[in-house]
Amino acid sequence: MVKQWNELKQVQPEVLTMLENSIKKHRISHAYLFEGERGTGKKDIGIAFAKSLFCLDPTEGVIPCEVCSNCKRISNGNHPDVHMIEPDGLSIKKEQIHHLQGEFNKKSVESKRKVYLVVHADKMTVQAANSLLKFLEEPHEGTTAILLTEQIHRMIPTILSRCQVITLKPLSPMHIRVKLEDQGISSQTSYIISQITHNFEEALQISSDEWFAQAQKIVLKLYEVLQPDSLKALIYLQEEWMGHFKEKEQLDRGLDLLLLIYKDLLYIQLDKPELVVYQSMIGNFEKTAWLLSQKKLAEKMEAILEAKRRLMSNTNPQLVMEQLVLNLQEGSSFV
């Protein structure tokens with residue numbers, strides 16, 4: 001789906017305003033690097049920016065009309081002066097950059113301007129990066145490079161130094177929540193999902209995932225069995241939890257959901273019930289929230305975060321969870 005300029009501006013207002021000002025003042029850089037998390041709109045903004053440079057009838061001289069031949073061809077990926085490079089397999093190869101250079105050595109087909117987008121620019125091989133560097137060092141007049149990356153730390157410094165780096169902010173939880181509710185997702189589910197991802201496409205996928213719906217129930221049940229005694233919790237861990245959260249990524253998501261419970265307990269202590277994510281559980285949480293000091297709550301949240309860190313290493317997931325259960329019960333006053 002083509003995202004229009006004003007829609008993108010609602011998501012990344014600072015970035016779009018900056019680009020608008022650059023166009024109006026005729027101060028377009030020869031190279032940009034859009035960096036930010038997955039789902040922040042880097043590619044959509046790159047394409048919209050390209051349209052703004054080629055549009056035949058832009059609003060206020062900036063905002064692409066989306067209906068002229070240039071806008072439509074860019075949307076369809078077949079404008080002769082706009083080129084996009086994406087990884088060929090796992091990487092962007094030297095040959096792809098050479099092909100791009102060959103295209104740009106030709107005279108522009110329809111205008112004096114050319115634009116190229118490099119998607120996942122951090123995945124360039126060393127040879128490809130060096131070839132692109134030479135291209136950036138001696139830019140053709142009227143040429144604009146737009147590099148996109150989720151991992152700016154993997155970009156070589158010499159390329160970074162030749163680009164205007166623009167950082168895209170993660171989507172706000174409120175933005176995700178509202179968009180999910182607009183799709184008919186319940187307020188409770190939308191609220192929970194908005195706390196665990198900044199990516200709307202991923203959020204929408206999660207909302208219809210039966211695995212995720214079951215995961216919420218298992219996480220809440222683990223919290224319940226944590227209260228009486230450690231043995232019961234360890235048995236539940238073995239019989240239910242580990243069977244559902246089989247992959248590390250799934251287990252990490254389960255820990256995210258568990259962390260939200262302890263945040264809810266803290267919000268109740270701070271008299272901010274409107275911030276509680278698990279609204280349907282607020283009555284149960286109110287019964288146990290005051291059995292822990294804020295210091296203990298902070299320690300338990302840190303224990304969950306430490307479990308997430310250990311999970312990303314080579315530590316055995318079963319051992320990580322067993323240790324976490326013991327840590328969460330330590331110092332508790334549950335009866």
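Hi everyone, this short talk walks through one predicted model, from a central strand out to its pockets and loops.

A word on ground rules. This is a predicted model, so local features need pLDDT of at least 70 and side-chain atom pairs count only at pLDDT 80 or more, while totals for chains, interfaces and linings use all residues. Residues are numbered from 1 along each chain as its sequence is written, and side-chain values use heavy atoms, with hydrogens and water left out.

Let's start with strand β1, residues 31-35. Is β1 enclosed or open? Five of its five residues are buried, so β1 is largely enclosed by the rest of the structure. Buried here means under 20% relative accessible area, exposed means over 50%, and partly exposed is in between, using a 1.4 Å probe and protein chains only.

In a regular strand the side chains alternate between the two faces of the sheet. In β1, A31, L33 and E35 point one way, and Y32 and F34 point the other.

Who are the partners of β1? Two strands pair if DSSP finds at least two bridges between them. β1 pairs with β4 in the parallel sense over five bridges, and F34 stands opposite L148 in β4. β1 also pairs with β5, residues 164-167, in the parallel sense over four bridges; there, L33 stands opposite V165.

Next, please find helix α6, residues 126-137. The expected span of a helix is 1.5 Å times one less than its number of residues. For the twelve residues of α6 that gives 16 Å, and the end C-alpha atoms are 16 Å apart, which agrees. Its buried residues are A128, A129, S131, L132, L133, F135 and L136. They pack against β1, α5 (94-105), β3 (114-118), β4 and α7 (157-160), where contact means heavy atoms within 4.5 Å.

On a 1 Å grid over the protein atoms alone, a cavity is a set of points where a 1.4 Å probe fits but cannot get out; a pocket is an open set with protein on both sides within 12 Å along at least five of seven lines; and lining residues have an atom within 4 Å of a point. Points are joined across faces, edges and corners, and a volume is the space filled by probe spheres set on them.

How much space lies in the largest pocket? About 520 Å³. The pocket is lined by 23 residues, and G39, G41, K42, K43 and D44 lie nearest its centre. Elements giving two or more residues to this lining include α3 (42-54) and β4 (143-149). By class, the lining has seven nonpolar, seven polar and nine charged residues.

There is one cavity of 30 Å³ or more. Its lining consists of H30, Y116, F135, L136, P139, T143 and A145, with α6 and β4 each giving two or more residues.

Finally, a backbone detail. Most residues other than glycine have a negative phi. H26, in the loop between α2 (13-24) and β1, has a positive phi near 55°. At 71% relative accessibility, H26 counts as exposed. E60, in the loop between α3 and α4 (69-75), also has a positive phi near 55°, and E60 is exposed, at 62%.

Note on methods. Ala, Val, Leu, Ile, Met, Phe, Trp, Tyr, Cys and Pro count as nonpolar, Asp, Glu, Lys and Arg as charged, and the others, Gly among them, as polar.
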